[in-house]
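Here's a quick tour of the rings and the nonpolar packing in this protein. Have the viewer open as you read.

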Amino acid sequence: MTAARRGPPNFTREAVVRLWLHRQGLDRPRGSTPLDHGAFVDHLERTGALQLDSVNVVDRAHYVTLWSRFGPYDRTRVDGWVYGERVAYEYWGHEASILPISHLPLGRRRMRRFPPPSWSGRKWWSRYATSTASKRRVLRRLRAEGPLESVDFAPRPAERGEKTESLAWRLHEDKRSLKLLWHDGRVAVSGRRHFRCVYDVAERVYPEGPAASLTEYHDSWLIIALSGCGIAPERHLVNYFTGPELNAAERRRVIARNLRKKRIVEVEVEGLRGPCYALPEHLETIDELPEPTGTTLICPFDSLLWQRKRAAELLDFHYTVEIYVPAAKRKYGYYVLPILHDGRLVGRLDPKLHRDRGVLEIRSLHFEPGFAPTPTFRTALGDTLVDLADFLGVTRILGL
């Protein structure tokens, strides 16, 4: 007589959310842990990356993402860790990102495979790709002149009189080559000036080291996403870490391989469709995790929101970044920050920093259906806005 086969472990949605917020560093009051060198590296390792974005309505995305967890801090220290100590590097993680330096072998594998095979033959790629001559020009200038910005590839004084289409095309092409050389690893971001990328040849920025194997690179899509999410079905992992461009069949092979290796385990979640997966070490302490507490605001490009299906299915929060929506069609505002309160996304706040006037304006505030703000919550939200204003260097808050 054979023993009955045990099914996968079963977890409640509440336990899954607790683990998710714990992995994201959002399960405790903002500022409970100071942002020091170790906490910064730990955040990168746990979530996989800090997304970069140029929108500056409040502050740059990676700065706001860190503030959401650690409260006010010195931005120059973060910049020093990334561009001085090189504990992290800029590359493609979830879009353009700051990644832990330990992930550089994965980055090198993508660099060696750039452009991805799936781009071959696409019309947009044939229009964007640049000539070998252009790439050589860019590399020659970087080696001779040192770190340069994109603007440094504008016409030089001696060239400005050459009002020819060929010159304009060459300069435009060289700017594209700069970005493509960053993607393929021959150029690296060595620093930033007023958020503008400063580029240099890669050997003067990246430490020496190997590239990950193709298997390790493909596996990183799964392992990094599970590190940031905790427990998740495949659909919640798609587009979390976007370095490897895997189709559905490749993703299934990655999952199957890691299940065979017992690197991940299959679990079930009450009320969540489909098989879910987790790293075994995360399940060892899941029952010990406390209920999430604290109130904070979440950047639109925060890793918590990289997979919108996950926010919808686990937190009943349907989110669209309305920056890209025409003004007349926006429902909540231009740069809406979701409000996280005691483990729930309970509202949306649309702020705007007026740097010239030293004012943080709250242009709109919306609460989720079924959420009734209490006096305690309103006090917590007010404290959060004061904390944000302090981080932004302003003293006045208008509109709330």
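F371 is buried, at a relative accessible area of 14%; buried means under 20%, exposed over 50%, and partly exposed in between, using a 1.4 Å probe and protein chains only. This is a predicted model, where local features need pLDDT of at least 70, side-chain atom pairs count only at pLDDT 80 or more, and totals for chains, interfaces and linings use all residues. Residues are numbered from 1 along each chain as its sequence is written, and side-chain values use heavy atoms, leaving out hydrogens and water.

The structure holds 15 aromatic pairs (rings of Phe, Tyr and Trp, the last by its six-membered ring, with centres within 6.5 Å; planes under 30 degrees apart are stacked, over 60 edge-to-face, the rest tilted). F317 and Y319 are stacked, because their ring centres are 6.0 Å apart and their planes sit at 25 degrees. F317 is buried at 0% relative accessibility, and Y319 is buried at 7%. F371 pairs with F367 in a tilted arrangement, 5.7 Å centre to centre with 50 degrees between the planes. F367 is partly exposed, at 26% relative accessibility.

## The core and a cluster

The largest nonpolar core has 119 residues, and L35, F40, Y206, L222, I231 and Y335 touch the most other members. Such a core is a set of buried Ala, Val, Leu, Ile, Met, Phe, Trp, Tyr and Cys residues joined through side-chain atoms within 4.5 Å. Y206 also belongs to an aromatic cluster with Y89, Y91 and W182.
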